[in-house]
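Keep the structure open beside you and try each task before reading on.

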Amino acid sequence: LNRRLAEFGTTIFAEMSALATRTGAINLGQGFPDTDGPEEIREAAVRALRDGRGNQYPPGPGVPELRTAIAAHQQRRYGLDHDPDTGVLVTAGATEAIAATLLALVEPGDEVIALEPYYDSYAACVAMAGGTRVPVTLRPHEGAFRLDLDELRAAVTDRTRLLLINTPHNPTGTVLGRAELTAIAELAVERDLLVVTDEVYEHLVFDDAEHLPLAGFPGMRERTVTIGSAGKTFSFTGWKVGWVTAAPALVSAVRSAKQFLTYVASGPFQYAVAEALALPDSFFAGFRADMLAKRDLLAAGLADAGFAVFRPAGTYFVTTDIRPLGESDGFAFCRALPERAGVVAVPNAVFYDHREEGAPFVRFAFCKRTSVLQEAVERLKAVR
Ligand code: PMP
Ligand code: GLN
């Protein structure tokens, strides 16, 4: 393994899912739903397979039906116009979108600012691109993890190439608000930075939180790469259909890298996701309501069990603080949790460069059936 990747080891998600399988514990670690998405969309995939659509290499940028549907979704929800031919690129999940974007836009030695804790593939992809990651830490304040805008500004240097933003934010559940996004946009314009914004949880915002795409802020259209994913929005994480929307020059750059990573993926699934994106608003509202009820169930159960709970404004993760339980090492806690309570969770420390900052935080996923969450909550009482 080369020096760029040596520090990363096995992704925490594989490690924790293997731990769940080995111990038979309830897996609230890796974020994937235990119920598939809409039956009609599954049927759409079957139809595509049977009709021979996408069984051979589809066009490199994605099938036209899907690119059109992605552009229509961005227009309908956010008023953002993208030409389906030049402003949209289909990728093998958001994971490939992140990799291709960073490989395309980062020069060796460039600094990439990311919000810490960050989704684990960001660090590895910045490293593969030869960049240097510069974490800006979200810190707990009044029940949520907040971005300190002064710290963000101070992190920008002459070597900063891009800001890597994620909202709604995994693992903290923070949803960046209008004021924060305005400040990020102003900073990007002032320092002439590119912005890559991972918005895979765009449809999972709760209470009065609203997802605002960074690309919609003044001066951002020409400098923003927006990343989305069907895995999160339609509960088909195994299909690996993601996408990039951006100005043509940026899409073209990302496509240059993407063509040598997978070239294309997920042929028949692309047709099914095109249909999914055209589902009525009631589908998205129903999905959100369903996840909101699950959030409340798990958050209340974790609080009862003695955790300090950061109630997420978005995503399907709850971050907790284990210090009220008399614990301080999330890694040790998560390794022992299957034995202690028959549940698997993820230590947030893996998402930090400043490991000590993340040490007492542990993430639980709530994209699971109600009965499973109820059983998990029951079991978690054992940690007291
Ligand atoms: N970004 C974030 C913030 C994620 O949480 C995930 C995975 N859930 C991804 C990207 C990867 O998405 P995909 O499964 O579409 O590759
Ligand atoms: N994004 C999911 C999570 O945060 C996992 C995706 C993966 O396994 N790479 O749990």
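**Exercise 1: the surroundings of α12**

The buried residues of α12 pack against α1 (12–23), β13 (343–344), β14 (346–347), β15 (361–365) and α14 (370–380); contact means that C-beta atoms, placed from the backbone, lie within 7 Å. Helices (H or I, at least four residues) and strands (E, at least two) are DSSP runs, numbered from the N terminus. The model is predicted: local features need pLDDT of at least 70, side-chain atom pairs count only at pLDDT 80 or more, and totals for chains, interfaces and linings use all residues. Residues are numbered from 1 along each chain as its sequence is written, while chains are lettered from A and ligands numbered from 1 in the order in which they are written.

Task: find which residues of helix α12 (residues 330–341) are buried.

Solution. Step one is the cut-off: a residue is buried if 20 or more other C-beta atoms lie within 10 Å of its own, exposed if 12 or fewer, and partly exposed in between. Step two is the list: Gly330, Phe333, Cys334, Leu337, Pro338 and Ala341 are buried in α12. Step three looks down the axis of α12: these buried residues fall within an arc of 140° (taken from the directions from the helix axis to the C-beta atoms), so they line one face of the helix. Finally, glycine 342 follows α12 and has a positive phi, near 70°.

**Exercise 2: α3 against α10**

Task: work out how the axes of helix α3 (residues 64–78) and helix α10 (residues 267–277) are arranged.

Solution. First, the axes come within 8 Å and cross at roughly 25°; they are lines fitted to C-alpha atoms over the stretch in contact, with angles from 0 to 180 degrees between N-to-C directions. That angle makes α3 roughly parallel to α10 (under 35 degrees; over 145 is roughly antiparallel, 65 to 115 roughly perpendicular, the rest oblique). Next, the contact joins Glu65, Leu66, Ala69, Ile70 and His73 of α3 to Gln270, Tyr271, Val273, Ala274 and Leu277 of α10. By class, the contact of α3 with α10 has seven nonpolar, two polar and one charged residues.

Note on methods. Two residues are in contact if their C-beta atoms, placed from the backbone, lie within 7 Å. Ala, Val, Leu, Ile, Met, Phe, Trp, Tyr, Cys and Pro count as nonpolar, Asp, Glu, Lys and Arg as charged, and the others, Gly among them, as polar.
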